[in-house]
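The following exercises are to be worked with the sequence and the three-dimensional model at hand. Each task is followed by a solution in steps.

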Amino acid sequence: MDVTVTPWVTENTLQYENYREDFERTRNITWLISGIVEFIISLVGLTGNAVVLWLLLAFHMQRNAFSVYILNLAGADFVCLSTHMVSSTLRLMKYTGLYSNMVSNVNFIMFLFSYIAGLSILSAISTERCLSVLKPIWYRCHRPKHMSSVVCALIWALALLLIILNVGFCALWFGYHNGYFCGLTAYSIITWPFLSFGLLFGTSLVLLIRLLCGSWKIKLTRLYMTIGLTVLVFLLCGLPWVIGYVLLYWMPTISYMNYIIVHEVIDLLTCVNSCANPIIYFFVGSYRQQRRQQRRSLKVVLQRALQDVPEEGGSQGSPPLETLEMSGNTHVT
């Protein structure tokens, strides 16, 4: 029996093939460009955070509440950027056929773990700074000595516990699938960043009001600048990831190409967020230095970024170089 192919069937088939080729070409170009950019940003950020970790750990810098938080935040950023580097490498490896779904899933879990921990640590930094401003006498006299270390340890433990429960109850690699507890842990993982953001936004707003308003006005220090810029960068680059993730989940009608573009953009923004923090520390630490003070060590620059001494007369408000170097030999946690 002869089969007659009508012209409109042939035309639709050709249009579909052309559309699929264009779509795959656009998708591959998007993945390639975003993979290369993400790899470069991750490499820069890993170097910056490695320097921060090295200075805080190897050079016995002066330890205070906020240097402990910065140490843990740098650790979270380092893990986050490592996952971005692995992700970009896997994306580029799709062209060689060496892509692994298993490695990709593990990498996403590690990213989620570091993202939750980093946001929680940033919220703790802002909260403790707000507490030190609202209750200065209690903070100086009655604050527990190792509170920042305990808070960071609890944050890491809770983030790890949530991830383990989610992996176990959702049977990603081990355990058994339990629909109720899987949904509960997934809801907790999604809710936690929004709760942390609410705490971060509220305490940051209080600090901003105290810096700018009337009789409550307090003097600006480098520590305020460091915290403020870090929070601002997170709001612009870090927060869009969790918002975009929720919106993409609740918008199933979005086209696949738009989904890819939004996903790549928010991934790049989180990469920029983790990369920007070391740049902020060294920018604030070296800001408004005199020419004769230009060649300061990275250690002193980082100490200046964390100092809580009001600037006096523009560029003269910081302790002298000798004082900063001597203070690096003391440890206060």
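A polar contact is a pair of N or O atoms within 3.5 Å; within protein, one must be able to donate a hydrogen and the other to accept it, and residues adjacent in sequence count only if both atoms are side-chain atoms. The model is predicted, with local features needing pLDDT of at least 70 and side-chain atom pairs pLDDT 80 or more, while totals for chains, interfaces and linings use all residues. Residues are numbered from 1 along each chain as its sequence is written, and side-chain values use heavy atoms, with hydrogens and water left out.

**Exercise 1. Describe the surroundings of Thr226.**

Step 1. Thr226 is found in helix α7; helices are DSSP runs (H or I, at least four residues) numbered from the N terminus.

Step 2. Thr226 has 2% relative accessibility and therefore counts as buried (under 20% relative accessible area; exposed is over 50%, partly exposed in between; 1.4 Å probe, protein chains only).

Step 3. A polar atom of the Thr226 side chain lies 2.7 Å from the backbone oxygen of Ala305.

Step 4. Apart from neighbours within four places in sequence, Thr226 is in contact (heavy atoms within 4.5 Å) with Ile280, Tyr281, Val284 and Ala305.

Step 5. Ala305 belongs to the buried residues of α9; in this helix (residues 298-305), seven of the eight residues are buried.

**Exercise 2. Classify the pair formed by Tyr115 and Trp241, and state which helices hold these residues.**

Step 1. Rings of Phe, Tyr and Trp (its six-membered ring) pair if their centres lie within 6.5 Å; planes under 30 degrees apart count as stacked, over 60 as edge-to-face and the rest as tilted. By this rule there are seven aromatic pairs.

Step 2. The ring centres of Tyr115 and Trp241 are 5.0 Å apart and the planes stand at 50 degrees, so this pair is tilted.

Step 3. Because Tyr115 lies in helix α3 (residues 101-134) and Trp241 in helix α7 (residues 222-249), the pair ties together parts that are 126 residues apart in sequence.

Step 4. Both Tyr115 and Trp241 are buried. Together with Phe108 and Phe111, they form one aromatic cluster.

**Exercise 3. How is the pair of Phe197 and Phe201 arranged?**

Step 1. This aromatic pair is tilted, with 6.0 Å from centre to centre and 40 degrees between the planes.

Step 2. Phe197 and Phe201 both lie in helix α6 (residues 179-212), four residues apart, about one turn of the helix.

Step 3. Phe201 counts as partly exposed because its relative accessibility is 45%.

Terms used
Helices (H or I, at least four residues) and strands (E, at least two) are DSSP runs, numbered from the N terminus.
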